[in-house]
Amino acid sequence: MKYSAPAPQDWSDAQPHAIWAEARAAGAAVPAAPSSFDARDAVVITQFAAADAVVRDAATYSSSIHTQTAGVFKGETMRGMDGDEHRR
């Protein structure tokens, strides 16, 4: 399974429940298809324990993608920071 988000034009009425149920059944980390916003490969984390491990491991997983994508419009936010920078 490779998660693929609905197209932006379908966001207002997309029903993600079946897609998320399938992703959760596939495992804690599911490959994600590139989106219309970012062509890089990614993963979708579907379980709390895995998500908690990811956010606590800035050496392996980075939040910088937020600054590189949404940050272009929003500027620097805590969401795009890792480790000590995020904690200050």
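**Asking what the terms rest on**

Me: Why is Asp52 called partly exposed?
Reply: Its relative accessibility is 24%. Buried means under 20% relative accessible area and exposed over 50%, with partly exposed in between (1.4 Å probe, protein chains only). Asp52 therefore counts as partly exposed.

Me: What kind of model is this, and how are residues numbered?
Reply: The model is predicted, so local features need pLDDT of at least 70 and side-chain atom pairs count only at pLDDT 80 or more, while totals for chains, interfaces and linings use all residues. Residues are numbered from 1 along each chain as its sequence is written, and side-chain values use heavy atoms, with hydrogens and water left out.

Me: What makes Arg56 and Asp52 a salt bridge?
Reply: Their closest N and O atoms are 2.9 Å apart. The rule asks for a side-chain nitrogen of Lys or Arg within 4 Å of a carboxyl oxygen of Asp or Glu, so the pair qualifies. By this rule the count comes to 1 salt bridge.

Me: Is Arg56 buried or exposed?
Reply: Arg56 has a relative accessible area of 65%, so it is exposed.

Me: How do you know whether Ala25 is buried or exposed?
Reply: Ala25 has 70% relative accessibility and therefore counts as exposed. It sits in helix α1, residues 17-26. Helices (H or I, at least four residues) and strands (E, at least two) are DSSP runs, numbered from the N terminus. The chain has 5 helices and 2 strands, in the order α-β-β-α-α-α-α.

Me: What makes up the largest nonpolar core?
Reply: Its 5 residues are Tyr3, Ala23, Val30, Ala32 and Val44. A nonpolar core is a set of buried Ala, Val, Leu, Ile, Met, Phe, Trp, Tyr and Cys residues joined through side-chain atoms within 4.5 Å. Beyond its neighbours within four places in sequence, Tyr3 is in contact (heavy atoms within 4.5 Å) with residues including Ile19, Trp20 and Pro31. Across the chain of 88 residues, 14% are buried.

Me: What makes a space a pocket, and how much space is in the largest?
Reply: On a 1 Å grid over the protein atoms alone, a pocket is an open set of points where a 1.4 Å probe fits, with protein on both sides within 12 Å along at least five of seven lines; lining residues have an atom within 4 Å of a point. The largest pocket holds about 1600 Å³. Of its 42 lining residues, the closest to the centre are Ala42, Val43, Ile65, His66 and Thr69. Strand β2 gives the most to this lining, with 4 residues.

Terms used: Grid points are joined across faces, edges and corners, and a volume is the space filled by probe spheres set on the points.
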